[in-house]
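Dear colleague,

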Amino acid sequence: MTCPSIPAAIRPAGMNDCSSLAALSVEVWSSTYLRNGISGHFADYVLAHYTPARFAEALQNPAERLLVSQNRDGIDGYIRVTHGRPSPVGGCSCTEISTLYVQPRHHGRGIGICLLQAGLQLCRSNGWDAPWLSSNSENSRAISFYLRNGFEHAGLTSFRISESEYANDVLQYSSL
């Protein structure tokens with residue numbers, strides 16, 4: 001899929017993308033959530049969670065789909081959709097947009113909306129439910145993006161790292 005508003009192509013991720021996906025994830029997660037310095041608590045989480053091996057596992061899982069935005073130099077964003085994962089607030093679907101990341105320097109270029117549209121089309125073509133997602137409650141930019149693009153508040157949950165919990169909004173796509 002090519003999105004007319006950006007000089008990139010949306011395509012399925014492949015095994016040779018795993019290291020790029022890991023590096024992009026560490027960059028986006030760190031720039032989004034580590035605003036006041038990097039503690040071992042967060043560094044240990046992000047370096048253990050975003051690895052090429054974990055992305056390789058996801059690509060081999062039939063319930064996972066990853067699409068990337070590929071520009072002339074490499075991957076600048078991706079969406080990860082997971083089927084069979086019930087919403088933590090109940091009543092929503094069992095299909096989650098587990099990740100939608102765009103490199104910060106590429107924000108505002110339409111990559112996020114193109115990836116979101118491609119992820120929603122992926123749900124339609126697989127016969128999956130309208131997806132839900134969670135976003136850190138303090139990430140007002142992301143929440144606003146999703147609300148502008150067909151998602152509605154469905155409830156709250158917590159994201160855990162070790163013994164710490166962080167509030168997350170659960171959003172449900174209105175319909176496919």
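How many aromatic pairs does the structure hold? The structure holds 8 of them, where rings of Phe, Tyr and Trp (its six-membered ring) pair if their centres lie within 6.5 Å, and planes under 30 degrees apart count as stacked, over 60 as edge-to-face and the rest as tilted. Please note that this is a predicted model, in which local features need pLDDT of at least 70, side-chain atom pairs count only at pLDDT 80 or more, and totals for chains, interfaces and linings use all residues. Residues are numbered from 1 along each chain as its sequence is written, and side-chain values use heavy atoms, with hydrogens and water left out.

One of the pairs joins W29 and Y45: the ring centres are 5.4 Å apart and the planes stand at 40 degrees, so this pair is tilted. W29 belongs to helix α1 (residues 18-33) and Y45 to helix α2 (residues 40-49), so the contact ties together parts that are 16 residues apart in sequence. Helices (H or I, at least four residues) and strands (E, at least two) are DSSP runs, numbered from the N terminus.

F159 is partly exposed, at 29% relative accessibility. Elsewhere, ring pairs link Y50, F55, Y78 and Y101 into a cluster.

Turning to charged side chains, a search of the whole structure finds 5 salt bridges, each being a side-chain nitrogen of Lys or Arg within 4 Å of a carboxyl oxygen of Asp or Glu. Among them, R11 meets D17 with the closest N and O atoms 2.8 Å apart; R11 is partly exposed at 25%, whereas D17 is buried at 7%.

R105 and E27 form another salt bridge (3.4 Å, N to O). This pair links distant parts of the chain, 78 residues apart: R105 is in the loop between β4 (95-102) and α4 (111-126), and E27 is in helix α1. R105 is exposed, with a relative accessible area of 55%, while E27 is partly exposed at 25%.

Yours sincerely

How values were computed:
Buried means under 20% relative accessible area, exposed over 50%, partly exposed in between (1.4 Å probe, protein chains only).
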